[in-house]
Amino acid sequence: MTLVSDELHLKSEELNNYWMPFTANRQFKGAPRLIAKAKGMYYWDDQGRQILDGIAGLWCCNVGHNHPRVVEAIQKQAGVLDYAPPFQMGNPLQFELANRLADITPGSLNKVFYTNSGSESVDTALKIAIAYHRARGEGSRVRLIGRERGYHGVGFGGIAVGGMVANRKMFGTLMAGTDHLPQTWNLKEQAYSHGQPAWGAHLADELERLVALHDASTIAAVIVEPVAGSAGVLIPPVGYLQRLREICDKHGILLIFDEVITGFGRLGTAFGSQALGVTPDLMTVAKGITSGTVPMGAVFAKDEIYDTFMSGPPHMIELFHGYTYSGHPLACAAGIAVQQVYQEEGLFQRAAELAPYFELAVHSLKGAPHVIDCRNLGLMGAVELQGRAGSPTAKAFEVFLKCYERGVLIRTTGDILAFTPSLIVQKAEIDRIFGTVREVLETVA
Ligand code: PLP
């Protein structure tokens, strides 16, 4: 079978007009890496070369690529209903998917608001939090607290509460009204922790300091990723999230978990909050909701939050917010099929069962050249390298390129290598990912 057709080959002059996101455009266009096809755990590039996907696309293709059931659902839906307006109208699939999602969310997080991405989910959740307090007569609660090294997408709300400096520094004047908790990773105290580090729960007490500084009456919500993904897989210390929950409850502050990465099985349960034993008031998801096949995100809200909005004349719109593509029929069809696959193939349970093997594989890189930390939780893992003096990120990027040359796709952030395979990954594939990284680390200066 030929995997690529002639149209998939691009000449260098054909690469000029696409401004690529979060990409070194000039480096890429000088030596393009073009993905042309996918199946299961593998990609094929435009030359027909097979590449093992160690990061589930971009932490999203949790059921593996081109799952036949999901492909069929999307194809079928495209011929039945292409689009229907989501405002003052609905389509049956939106309700079916919402019911399926409510069945697996923790606590009373039963109300589902659809978006098209993680960034939109974050902006939506932040707006719901502020509007909720106002609906309850506490309109002064408008401040939003994020965390250093948090990633909440690239909308203005998301970068305001986010804590990655490169994403924020250009846009400062538009981001008033936020503050940040300290990040929780500490090399001296936590290096080579298996699972949740024992040290660091006290860092949650910094929220008390921010409450003392701003006063609880001005704070709407705290948003954190249960495990910070994009900043390099920073695992919450034992007891840290519980402490945040307690302080939020004490001061009437909403707790938002951004589960765009940790949602849909990554930690061996439907959502990270279940694996970590803390239930937030609002939860943002995307990626795994459709296993990356059709853009979709969602916010889950507690029943009590939704009910607070359901006052006033019934013909009035309760929340002035939504997107043209909220609950798009193709995304809903994909989402329903993906939820069926998770359930029927027992993929969340599979992730939980594989996690100990994955943990050993991540930590097998302890002692490899350049490695200063290995960390893991569920099927999330990271290996941190000693960066090159005066040239941060260069070493990890070289490792990324060399792994790719050897047919393994990993992800880097700063000088950290991140690993998040699909939940269908086989043990031999885990071995190959980490074996390749070790081999490459030995070639890097
Ligand atoms: N929130 C978290 C925790 C993420 O990891 C991401 C993306 O990686 C986002 C939000 C943004 O999602 P999107 O790129 O779909 O806007």
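Good morning, colleagues. I begin with the largest nonpolar core, which holds 125 residues; Ala 129, Val 222, Leu 282 and Leu 417 are the ones that touch the most other members. Helix 13, spanning residues 329-344, supplies the largest share of this core, namely 10 residues. The core also draws at least three residues from each of domain 1 (6-63 + 346-441) and domain 2 (71-344). As general background, nonpolar side chains tend to be buried together in soluble globular proteins. Please bear in mind throughout that this is a predicted model.

Leu 417 belongs to strand 15, and Val 383 stands opposite it. The strands concerned are strand 12 (residues 380-385) and strand 15 (residues 416-419), which pair in the antiparallel sense over 4 bridges.

That pair is part of an open sheet of 4 strands, arranged in the order 11-12-15-14 with antiparallel pairing. At its edges lie strand 11 (371-377) and strand 14 (411-413), each of which pairs on one side only. On average, neighbouring strands of this sheet are turned by 20° against each other, direction ignored.

I turn now to the ligand. Which residues come nearest to the ligand? Of the 14 residues around it, these are Ser 117, Gly 118, Ser 119, Gly 153 and Val 260. By class, the shell around the ligand comprises 5 nonpolar, 7 polar and 2 charged residues. Helix 5, covering residues 118-135, gives the most to this shell, with 3 residues.

Thank you for your attention.

Methods: Residues numbered from 1 in each chain as written. Predicted model: local features only at pLDDT ≥ 70, side-chain atom pairs only at ≥ 80, totals over all residues. Near = placed C-beta within 6 Å. Helix = DSSP H or I, 4+ residues; strand = E, 2+ residues; numbered from the N terminus. Nonpolar A, V, L, I, M, F, W, Y, C, P; charged D, E, K, R; others polar. Pairing = 2+ DSSP bridges. Axes fitted to C-alpha atoms, helices over the stretch in contact; angles between N-to-C directions. Core = buried A, V, L, I, M, F, W, Y, C linked by C-beta atoms within 7 Å. Buried ≥ 20, exposed ≤ 12 C-beta atoms within 10 Å, placed from the backbone. Domains from an automatic or database assignment.
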